Amino acid sequence: MNVLITGNLTEFENNLAEVFTREGYKVFTQDEARELGIPRLDYLIDTTDNRDEADRFTLDEGFGGEAVERVFRGNVLRSMALLETFLPLLDKGEGKRLVYLSSAEASINATRAVKSFGYNMSKAALHQFIQLTRNKLAPKGYTFRVFDPMAGEVTPQAAAESAYNYITRRRGTENHDPLRDDEENMVMRDAMGRQYAW
């Protein structure tokens, strides 16, 4: 199976590529996928996770609009463009799985953040994009994963192993009832396997 990991700059991304390769997958970066002209993709793992040093304000310090816009463009518009670019290859693949990095801080129910509003809002917007995309693509056999690698809390290697397990396994059905298929529930899981509501 062919796997595209959109980034290869962080330790987590490199470890994730190593885990997939170890398990027999063919792993590509976006540049490789374009240059080699691969015929199909099975998994698109969008590791887009942009932060901005100026996005550190709190509400009482004033709203950093330019930083918020940069983070939004980096985390949402970039992911939209990546999917548009590679969807034709995913349509030809068998896996049809889309994976996105996020953060529990973007969960409205779970966040306790008092700063980095731009980042958190951009990931909340990404969640909405994923939900809308799922509405369109799930009838065509696509499945979705949203993963928080817990950067700074879990080692990149441990996060990569956890991500691999979450990405490659089908989520279960309740009492073998296809109407209670867990794939129908859009959730985010972190590197410790915990589930977060959006």
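**Helix 1, the largest pocket and helix 5**

Helix 1 contributes three residues to the lining of the largest pocket, the most of any contributor. The model described here is predicted. Helix 1, residues 11-22, also packs with helix 5, residues 156-168.

**The largest pocket**

- The largest pocket holds about 870 Å³ of space.
- Its lining is made up of 43 residues, and those closest to the centre of the pocket are Asp 49, Leu 101, Tyr 119, Pro 149 and Ala 151.
- At least two lining residues come from each of helix 1, helix 2 (30-36), helix 4 (117-137) and helix 5.
- By type, the lining of the largest pocket has 16 polar, 14 nonpolar and 13 charged residues.

**How helix 1 meets helix 5**

- The axes of helix 1 and helix 5 lie 8 Å apart, and the angle between the two helices is about 50 degrees.
- Helix 1 is therefore oblique to helix 5.
- The two helices, helix 1 and helix 5, cross in a right-handed sense.

**Residues of the helix contact**

- On the helix 1 side, the contact is made by Glu 11, Phe 12, Asn 15, Leu 16, Val 19, Phe 20 and Arg 22.
- On the helix 5 side, the contact is made by Pro 156, Gln 157, Ala 159, Ala 160, Glu 161, Ala 163, Tyr 164, Ile 167 and Thr 168.
- Ten residues of the contact of helix 1 with helix 5 are nonpolar, three are polar and three are charged.

Note on methods: Residues are numbered from 1 along each chain as its sequence is written. This is a predicted model: local features need pLDDT of at least 70, side-chain atom pairs count only at pLDDT 80 or more; totals for chains, interfaces and linings use all residues. Side-chain values use heavy atoms; hydrogens and water are left out. Axes are lines fitted to C-alpha atoms, for helices over the stretch in contact, and angles run from 0 to 180 degrees between N-to-C directions. Helices (H or I, at least four residues) and strands (E, at least two) are DSSP runs, numbered from the N terminus. Angles under 35 degrees count as roughly parallel, over 145 as roughly antiparallel, 65 to 115 as roughly perpendicular and the rest as oblique. A crossing is left-handed if the near helix is turned anticlockwise from the far one by less than a right angle, and right-handed if clockwise. Contact means heavy atoms within 4.5 Å. Ala, Val, Leu, Ile, Met, Phe, Trp, Tyr, Cys and Pro count as nonpolar, Asp, Glu, Lys and Arg as charged, and the others, Gly among them, as polar. On a 1 Å grid over the protein atoms alone, a cavity is a set of points where a 1.4 Å probe fits but cannot get out, and a pocket is an open set with protein on both sides within 12 Å along at least five of seven lines; lining residues have an atom within 4 Å of a point. Grid points are joined across faces, edges and corners, and a volume is the space filled by probe spheres set on the points.
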